[in-house]
Amino acid sequence: MTTVEPAATAESLQVLSFVLDDEWFGVEISGIQEVLEYRRITQVPRTPNCMLGVINLRGKVIPVVDLRQHFRMQMSEPTIDSCIVIVNVEVDGENTPLGILTDRVQEVVELDAAEISPAPRIGNRIDSQFIEGMAKYDDHFIILLRLSEIFSSDELELLISGSERQPQARAEHAME
């Protein structure tokens, strides 16, 4: 007889942890579709600066976002460790797959819900409305992201309107 690992309970949360600019972030695994090795991203003209472009995933066109740009972090070129995390977000009432470029994916961690603290109101590089909470894991704090806020219709509108006012100044995100 085989045993099945119990799913995360209401007292715990399973999170995919990843790194951006040497900071650890996490997203609930229920919102993750899959993790891909970095691949060439095709740029699309007249899109917001944080929208790197699109990839082809089994015949589907998936937009890819650079959260470094969205969070106004220092930009860097993709490396051998870079990954694209495919998440499902709700856009205009529809479940939509979206790629997030990460510096590297760490691991799936189980966090005790009681040990998740609210985001501090000051001192964040990221708008606190995008943060679900923070949790200590080993020697790191994991910033738990609220994808529903990062990719809300209102936020996407701001990105689009902001990109129309700013010139496109993106580095080429293709590995040779």
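## Disulfides and cysteines

No disulfides (pairs of cysteine sulfur atoms within 2.5 Å) turn up in a search of the whole structure. This is a predicted model, in which local features need pLDDT of at least 70, side-chain atom pairs count only at pLDDT 80 or more, and totals for chains, interfaces and linings use all residues. Residues are numbered from 1 along each chain as its sequence is written, and side-chain values use heavy atoms, with hydrogens and water left out.

Cys50 counts as buried because its relative accessibility is 5%. Cys83, at 14% relative accessibility, also counts as buried. Buried means under 20% relative accessible area, exposed over 50%, and partly exposed in between (1.4 Å probe, protein chains only).

## Secondary structure

The protein chain has three helices and 10 strands. These are DSSP runs numbered from the N terminus: helices are H or I with at least four residues, strands are E with at least two. Along the sequence the pattern is β-β-β-β-β-α-β-β-β-β-β-α-α.

## The open sheet

An open sheet of five strands has the order β8-β1-β2-β10-β9, with mixed pairing. Its edge strands, β8 (104-112) and β9 (131-137), each pair on one side only. Two strands pair if DSSP finds at least two bridges between them.

Strand β9 runs antiparallel to β10 (residues 140-145), and six bridges join them. Ile131 stands opposite Leu145 in β10.

## The chain as a whole

Of the 176 residues in the protein chain, 43% count as buried. Among contacts (heavy atoms within 4.5 Å) between residues at least 6 apart in sequence, 59% join residues at least 24 apart.
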